[in-house]
Amino acid sequence: MSTLRALAKAEALAAGVARPVATVRHLHLAERPLVLVPLAMAGEANAPLAAMVGDAPDAARLLIVAQPRNRDQRFAFAAELAAIVLPYLDGFRGVSEAVPADRGRDVRYRHADAPQLLVPNPAGIAFLRLFGRSTRFRRADGDYPVHPAVPVLGRWLTFFAERAEHPGSSALVAMTDALALHWATGQSAVEDLHLPALLGWIDPPTGLTGVEAAARAEDPERCPPAGPATDPDFDNRRLAPAVAAYAAAEGDPVARAEAYAELERLLHDQLAPTWELVWRGVGLLRGLAPGARVAGRWDGDKDAFTGYAEHVDAGGAPQPRRDGAVSAAQRLHRLERALTSYAVQRAYDDPLVMAEHRLTGEAFVGEVLLADPKRVDDTGKRPVLRPRIQLVTAEPVLVPVGAALHSPARPAQKARVVFVTPAADGRTEVVLELSGGMGRGLTAPPGSVPEVGERLCYTTLSDAFMPAGAFPAVEETPWTHGGPPAAAAPPPGPEGATPRPVPGGTGPGGADADEEWA
């Protein structure tokens, strides 16, 4: 936790209400996001119990599984969910936009917009990841067939779960993470995972402090858990009898319909409060203006959506069970680059985020005292424009002479530290030599060089292009990492043995594991 966020949390506790830690919104909010509130059965690995889905506050659809341990009902639930999610995704595939490629020498096309899924908390993302894993390898023919839309849904859910790991992506967003990114509460990070308590701090009801609102939100009768877990007391006292009554009514259509209606009512009452809270969080986030670089990150989501949609349309294979050595290293490298870029972009977009770097000495703010926009360096083979400016700052300057600095006001321009001189009044004077962002001539265009009196922030953080790392081809890796020699075929089982599915396999035991010999 940064010093600034720790201070904000202390102030929130003292004031009884959350404190903002951002001046702009650092994520994209679609005009028509799809909110999905999942509910899973306790004690069962990824057994869906219910879900509330819709793209508007008044368009909620409730899907339930009356017998979560019944595999047929679970995959029927998946088919119902696919009938909602897949048309929503297809709604973004009708309009394309041209994008310059190869430095403007070519043009490529992508979808003009992309879908966005919102879930209450990170556990909802984990649920979708596991649910996608359990459905993407299913088949519509052969043994244990499922509806043809089920494996397609599984592949798309896996796609969104993988995008959720990408720093700065807004394709799949947990509402608690989105809110905690912009507000600091007086409770712990673990307590911030509880959506009702988090919103109690950020937007408490009239007459209540954040502490009081959060305490009320912890009452499961008033604010049921935000999914996918259920309250144990609810499971024992209300859910278990309702499920048992539905099972006991088999063979009696009237009693079974009544039991189903009662179960549906129970689950609706459990999910509806969380549904309303997610949309309330959407309203709070819409009250913040988006950061300048949010649209660029959303373009990355549009590219990813377009690429995977083309892969699905071309009949491509589902995502593998696990990445190979090279693909795993490449994926990790992409995530690390994205994380670095995301941190820099947030700081460039938001003075409050940049303030955290000013506290650590990675940035400082100063006023321009002198400027020489016409200075030319003729010590090389040809003269080049190298203006210099002098700033004065009251902040400590911890960067050494020769360090490269950048300013969010002119991100394409690089500044080299020439002198750092302490002044008599406790301030520090810094002389910077500028390069880039001023054209190719020996005269700087107006506005490209800071003027006297301008107040600027300079930082060691850079949003410059980071080249991708070089990785070997699979056939060039050692055999321990999947390279040659080719893996031998698995040995046959003992004479007379037959393969049987193991938990997680493609047969009745699970989703996508291999077979073992029995």
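Predicted model: local features only at pLDDT ≥ 70, side-chain atom pairs only at ≥ 80, totals over all residues.
Which charged end sits over the ring of Tyr 246? The charged end of Arg 256 does, 3.9 Å from the ring centre. A charge sits over a ring when NZ of Lys or CZ of Arg is within 6 Å of the ring centre and within 35 degrees of the ring normal. A further case is Arg 321, which lies over the face of Phe 137 at 5.6 Å from the ring centre.

Residues are numbered from 1 along each chain as its sequence is written, and side-chain values use heavy atoms, with hydrogens and water left out.

Let us turn to the sheet. Helices (H or I, at least four residues) and strands (E, at least two) are DSSP runs, numbered from the N terminus. Five strands form an open sheet in the order E4-E3-E2-E7-E8, with mixed pairing. Two strands pair if DSSP finds at least two bridges between them. At the edges stand E4 (61–64) and E8 (172–174); each has a single partner strand, so one side of each has no neighbour in the sheet. On average, neighbouring strands of this sheet are turned by 20 degrees against each other, direction ignored; the axes are lines fitted to C-alpha atoms, for helices over the stretch in contact, and angles run from 0 to 180 degrees between N-to-C directions. E2 and E7 (residues 117–119) pair in the parallel sense over 2 bridges, and Val 35 stands opposite Leu 118 in E7.

Next, the interior. A nonpolar core is a set of buried Ala, Val, Leu, Ile, Met, Phe, Trp, Tyr and Cys residues joined through side-chain atoms within 4.5 Å. Buried means under 20% relative accessible area, exposed over 50%, and partly exposed in between (1.4 Å probe, protein chains only). The largest nonpolar core has 44 residues, and Met 175 and Leu 179 are among those with the most contacts inside it. Helix H9 (253–286) is one of the elements that give two or more residues to this core, and H9 supplies its largest share, 11 residues. Met 175 touches Leu 118, Leu 195 and Val 278, among others, where contact means heavy atoms within 4.5 Å. A second, separate core of 43 residues includes Phe 92 and Phe 305.

How many aromatic pairs does a search of the whole structure find? It finds 11. Rings of Phe, Tyr and Trp (its six-membered ring) pair if their centres lie within 6.5 Å; planes under 30 degrees apart count as stacked, over 60 as edge-to-face and the rest as tilted. The rings of Trp 156 and Tyr 308 have centres 5.1 Å apart and planes at 80 degrees, so this pair is edge-to-face. Trp 156 lies in helix H4 (residues 149–164) and Tyr 308 in helix H10 (residues 294–313), so the pair ties together parts 152 residues apart in sequence. Trp 156 counts as buried at 3% relative accessibility, and Tyr 308 counts as buried at 11%. Ring pairs link Trp 156, Phe 159, Phe 160, Phe 305 and Tyr 308 into a cluster.

Finally, is His 26 buried or exposed? His 26 is buried, with a relative accessible area of 1%. His 26 is placed in the loop between strand E1 (19–20) and strand E2 (34–40), and its contacts include His 182, Arg 297 and Asp 349.

Note on methods
Lists of a residue's contacts leave out its neighbours within four places in sequence.
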